[in-house]
Each structure stands twice: as C-alpha cells, then as structure tokens.
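This report describes selected features of the structure shown below.

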Amino acid sequence: MEKKKKVVLAFSGGLDTSFAAKYLSEDLGYEVHTAIANTGGFTPEELKAIEEKALRLGAASHASLDITGEYYDKSIKYMIAGNVLRNGTYPISVSSERIFQAIAIIEYAKKIGADAVAHGSTGAGNDQVRFDLTFQILAPEIEIITPTRDMTLTREYEIDYLKKHGIEADFKKMEYSINKGLWGTSIGGKETLHSEQTLPESAYPSQVTEHGEEKMTIGFEKGEIVSVNGKRYDNKVDAIREVERLGSRYGIGRDMHIGDTIIGIKGRVGFEAAGPILIIAAHKMLEKHTLTKWQQYWKDQIGTWYGMFLHESQYLEPVMRDMEAFLESSQANVTGTVEVTLRPYSYTLVGVDSPFDLMKTDFGEYGEVNKAWSADDVKGFTKILGNQMKIYHNVQKRNGKE
C-alpha cells in the first residue's frame, strides 16, 4: 500500500479549516496533521476544544504551538517602541499575529517531514498573502494547498460536504467574524461592509462594566512595559493582559480601521484594543519627555514604515532587522511611570515621572524663566537663525519678485 503524503493544516476549528481537514483526507488522500499557533488569543479550554474537533474530523495528530512569548519578543516589543498605529488608528492586531503563526506552522511542517502545508484563507483577504509568502520563503520545497480559495467555495457547500461525511456541528453563520488576540480583537461583518455605518455596542466582545473614573499607572524600562499600578511583571505578556483587563471594562480602545489591503482593495474592520491603545499612548507620552526632537522625528518615520511592512507581510525582509535595531537603540532612556485616568470610552494622560525627563533641567522653564542663556544670547541666535531666509527674500526683491 502506497504511503500517504503528509500535510500540515493551519487549523482554527472554524468552518473553512474544518472543511479542509476532511477534504484533504477524504478527497485528496493526505495524512492530515492539524496545528494551531497560539499568539495569546486562546484559553487552555478553547485550545482543548479545538484539538478535540480536529481529531473528530480525522486528523492523525494535532499540535498546539504556543508562540506568545516569541510574538512579544519579536513583534509587540517593537510595535510599542515604534508607537505603531496603522493610519493613526489600528494597532495592526491580527495582521502582526498572522506572520508569526505562519512561521510556526511552516517550521512545524518541516519538523514532522510534511510534504504539504494548507490553510483555510479565502481569495479576498490579506491572510492568504501572509501565509503563502511566509511558506514560500521558509520552505519553498513544501507544496501549499488552499481548498477554500482554489475552489471558490461557499459556506453552504462546505456545510453540506461536512454533513455528507457525518460531521454535524453548529456552523450557523455568526453575525460577526471575531479574531481575539493578545494585541487586540478585530470585529468584521454587517456594518463594517458599508462605508456609512459603524458597529453597535452589542458587537463588541467586551462590554462596559465600569462607569466612574479610575487612575492607572504604567511603568516602562527602556521602552518595555514592566509594571501596572505599581505591581511589577517579569512576564511582559501578563502586564499587557492586565492593562487590557482594566481598560476593556471602560470600553476604551474601540474604533473602526479603514485601510488599504495588500491585494489593493479598501477594507474596514472594527476593533477593540484597550491594552495596546493605552500602552502606546502612555509610551508615546513618556517619549515626549525623554527623547530629543530629532529622535522623536526619525523614530516616527521608522515606526510608520515598520508597521506598514509588518502589515504587508514583509517581516522576513532584512530591512526589518535594521529598523528593529534603530527602535531598540532609541529606547535607552524611555524609562519612567505614566499616570492615566480611565473613564467610559475615553482616557486622559495625566503626566510622567522619569529620571530622564528632559523638562527637569537647570536650563529654564518654558515660558517662565531662562537660566542658561542671556537676552543678548537670544538676540544673536535669532539673527543667525534668520540668515538663510533673509538671503532668500533679499534675492527675491532684487529680481522684482517681491
């Protein structure tokens, strides 16, 4: 008997990957090994349920790959350093996760000697590019199979197929597609498909349970979050989860992202990301106190490019390592505590306390008093500062243009 070829399927337990698991085995004759790469969005109970579903579908084996720590060390850390918000709004929650999930899946496929790797992406989104590109770069010898995309399947077809193969499950289409992760939760469907609408309160997984005000402090060391409300966290992931827990009770971090997809069409997605939004806002305020003008300027440029490249599946491009080196270097003095006031749907950055605060100097106080220069110093400085503009306008007048 001919030995079956092995395929590793990136498995979430949803309809598309459930169909793929059965189809790859029954119709294509593969020995299917499912795997899920957890970047912090699944509980142990959810992971267990996904494993049981995979095995019921006939998977030869299932692996839960925990890459939460790696996701922080190789992505979130730099997104905080770069204050990355795509289009000034979205902390690229799902898009940054997908790259590391793809890397974990393809490395697992190589580890078990798989002949092919499969995913359940459709042909209409960004994830197909993120998975395919990562797979092609890291394992060009491994075949990529994408049944839902290649066969242009409908939900009804997939549900009927599973029923015919004895798989009964509640695949009723939910009103919204929700992707929950450590660095935010995306919500798509219904209103997000129409430019003139927005999501209702009920669409958000985290509901508002607090209605007053609350003070919160976030501590940073060299740009990395280390404490929340005075409690120190050795595990940065736990600190992020605590900020998320506190902020989500107030409905903070909700918004609608409108952006350009990798495949060239416009897309809208709702999201809630209390943790990322509060951490980035606090971090950015601390940087305003501890970085020079030009450090801030160039770091903003690098942060924008870093976020764009990460979103567009360019994580494996070598220039990303160069940008990470710059971002890490820029954080040498970004140490201190930021106080934030939380309230329903909003927050206020109160102030910072840092040993590297560039406002706390003996040179002077803005708008009040100068200690390190005299009035004559300023007069001379201003005269020299204006030389180039004076020369320009003098030449303009000489040529009759003014």
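Helices (H or I, at least four residues) and strands (E, at least two) are DSSP runs numbered from the N terminus.

The model is predicted: local features need pLDDT of at least 70, side-chain atom pairs count only at pLDDT 80 or more, and totals for chains, interfaces and linings use all residues. Residues are numbered from 1 along each chain as its sequence is written, and side-chain values use heavy atoms, without hydrogens and water.

The domain assignment, automatic or from a database, gives domain 1 (4-172), domain 2 (177-289 + 332-351) and domain 3 (362-397). The C-alpha centres of domain 2 and domain 3 are 42 Å apart.

On a 1 Å grid over the protein atoms alone, a cavity is a set of points where a 1.4 Å probe fits but cannot get out, and a pocket is an open set with protein on both sides within 12 Å along at least five of seven lines; lining residues have an atom within 4 Å of a point.

| Space | Volume | Residues from the helix giving the most |
|---|---|---|
| Largest cavity | About 30 Å³ | H5 (127-138), three residues |
| Second largest pocket | About 340 Å³ | H8, four residues |

Ile99, Leu133 and Tyr315 are among the residues lining the largest cavity. The second largest pocket draws at least three lining residues from each of domain 1 and domain 2.

Terms used:
Grid points are joined across faces, edges and corners, and a volume is the space filled by probe spheres set on the points.
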